[in-house]
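I opened this entry to keep track of what I looked up in the structure. The notes follow the order in which I checked things.

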Amino acid sequence: MPETAGLSVEDNLKEEGEDRSKRETWAEKREYILSMLGYSVGFGSLWRFPYLCNRNGGGAFLIPYFTAIIACGVPLFFLEVSISQFSSRSATHVWVLCPLLKGIGISQLLTSIIGIMPYALITAWAIYYLGQSFRSLLPWTTCDNWWNTPVCINKVTNGSSAVYFNSTVEQQLLHNAVWRKPNTTLTASEEFWQFNALRVSTGINDFGSVQPHMLLSLLCSWTLVFLCLMKGVRSVGKVVYVTAVMPYILLTVLLVRSCMMPGSGDGLLYFLRPDFSRLGSVQVWLEALLQAFYSMGPTFGTLITISSYNKFHNNCLRDVALLTILGEASSIFCGLVVFSTIGFMAHEAQIPISEVVSSGAGLGFIIYPEAIAQLPLPQLWSVLFFLTLLSLGIDTLFGSIETIIAGISEAFPQYLKKKRVHVTAGVCLCIFLLSISYTTRGGVYLFQLLDWYASSFSVLLIGCLECVAICWIYGSKRFNRDVEMMLGRRTPVVLSIMLSYITPVILFAALILSLFMYDPPSYGAYVYPDYAKVVGILMAVLMTAPILVMLIYQVAQRDGTIMERIKSASLPSPEWGPARPEHRIIFLEREHTPQEIIIDQLPKKDPMDP
């Protein structure tokens, strides 16, 4: 019987301290599909995609967007789902297939930790607004509250209020509003958002005190996540029946109601009307590529972790096709919901639609609440909308938190395997404590800064290195045989070509372009100081630093010349392979000898050779 990397089959079956063959799996296939769909269809689909589509040529933006989906999103999606299903390993540990680039998993873990805090904060904002939606009068519809100023305009009643409670407070609020353009008015919903919900400070150098209402909302957010995740995929699989399906039901209700209002048709036309002249801009194509990553979710590690709970022979190729279609249809559907509402708002205010369009939190917590306030029974529609935001946020948090929990549990299986509840509680508590800084008066500046720099560079670099690790170091032939062992057929030739050549080249080119074309962050009219930009860049570097550190470490701990060490570190670790013994034996018998592996992985070897 042949040996792999110097170990016999029996040694390979015993080399791990944990019995991965007993790893949890999804109880039902639809639970996996709903979990993946819930993760992919998040806040980016609801408020980032419609904004980018409008800003970059309307319907014409779909051309670069779907090009990015097909050329980069789908290949990476399939790659990550395949290697995790094959090995039953989470994102942090699946890269034992190429120890030289084992740092990819650590970078994905860091990306999850850093990236999850802004998402938890958005969920906390949704919880706060949801609570306020049960009041007899929606607080963002009036100008006679303690947080309002003389520049407040109530668009619901087309006027301003003459009732103000404290002139000192008003002056202080306007003084702190460094994000506000000079000599401009503020709507009632904008003042509620800036002066009451966030209570924004004068800048990132003025964090101020923790806001109790935001701290309580953040605590509620993490409590919900803990309760849903405490029992692992078995509990998540039941929760997603609600959290993944509810947004579609609620958004459909909102779309039907919005389309019944005057001006909604103009909004839909504004969203879909193509402007092909925008396609000549490199920035448009770069933004389309980044949105494809935000929409499908590859390179963040979550797809790997969620798919690691699949059964070995699950048809992951069919899943990728189904999830791609559902995910991108959901993005377009969200755009219809948003712009039908914006069209109604523009009609009511008698202003151009372009003056209403916004992105990010401005759309979710200023424009949409203002639009809802103009509908009959505004409290009802407000509750439905913020339940939708809450469901989207919780679904995204599920996947990211599970990536962290699985990474920690698999690192110390002998201690943590049977302590799922304790690990989940510890992770949720630690990230909650790290997130408290976001609930200060200056927290929104930190939110914008890290959201700006946290993932834009790392996703491109990690995606490129994933292609290199699988297709050029591990070997495209071997990856195809792994897929054939699971599915009974090899990777489609088109996907193999894209993963080996087209996708990494596009990602590398986009990475270089983004370094030169990326605009510095801002918050309204507020411009970040130079040191804050440096902090953001360092944060982006920090998230990718483990790749270089682990590469050096893996090479340094081996013997021989530099080239011999690199070749040795490029070989799959002995623990790589399927989890179940019956599959693992077949895998090890099929593998090459170490000498053949080394030859197969020489740089001159073409991964597409038959």
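**Surface, core and confidence**

I began with valine 493, which counts as exposed because its relative accessibility is 57%, and the cut-off for exposed is over 50%. The model is a predicted one, so I read this value as computed from predicted coordinates.

I then looked up where valine 493 sits, and found it in helix α21, residues 493-517. Val493 also belongs to a nonpolar patch on the surface, together with Ile497, Tyr501, Ile502 and Ile506. The accessible area of these residues together is about 380 Å².

Next I took the whole chain. Of the 610 residues, 59% are buried. The secondary structure comes to 25 helices and 4 strands. For contacts between residues at least 6 apart in sequence, I noted that 84% join residues at least 24 apart.

Which residues have the most contacts inside the largest nonpolar core? I found Trp125, Trp193, Trp222, Phe365, Ile401 and Tyr523, in a core of 180 residues. Helix α20, residues 456-487, gives the most to this core, with 16 residues.

Leaving aside neighbours within four places in sequence, I listed its contacts as Trp47, Ile122, Trp125, Ala126, Tyr129, Ser189, Trp193, Phe386 and Leu389. Trp125 and Trp193 on that list are also among the core residues with the most contacts.

Is helix α19 mostly covered or mostly open? I found that α19, residues 443-453, is mostly covered, with 9 of its 11 residues buried. Among the buried ones are Gly443, Tyr445, Phe447, Gln448 and Tyr453. I then checked what covers them, and the cover includes the helices α5 (103-132), α7 (188-198), α20 and α22 (530-556). The strands β3 (522-523) and β4 (526-527) are also part of that cover.

Last, I checked confidence. The chain averages a pLDDT of 85, and 89% of the residues score at least 70. Where pLDDT is low, predicted coordinates should not be read in detail.

Conventions: Residues numbered from 1 in each chain as written. Predicted model: local features only at pLDDT ≥ 70, side-chain atom pairs only at ≥ 80, totals over all residues. Heavy atoms only, no water. Core = buried A, V, L, I, M, F, W, Y, C linked by side-chain atoms within 4.5 Å. Buried < 20%, exposed > 50% of the residue type's maximum accessible area, 1.4 Å probe, protein only. Helix = DSSP H or I, 4+ residues; strand = E, 2+ residues; numbered from the N terminus. Contact = heavy atoms within 4.5 Å. pLDDT = per-residue confidence, 0-100. Patch = residues over 30% accessible without salt bridge, like charges linked within 9 Å, V, L, I, M, F, W, Y side chains within 5 Å. Areas by Shrake-Rupley, 256 points an atom, 1.4 Å probe, with all protein chains shown as cover. Salt bridge = Lys/Arg side-chain N within 4 Å of Asp/Glu carboxyl O.
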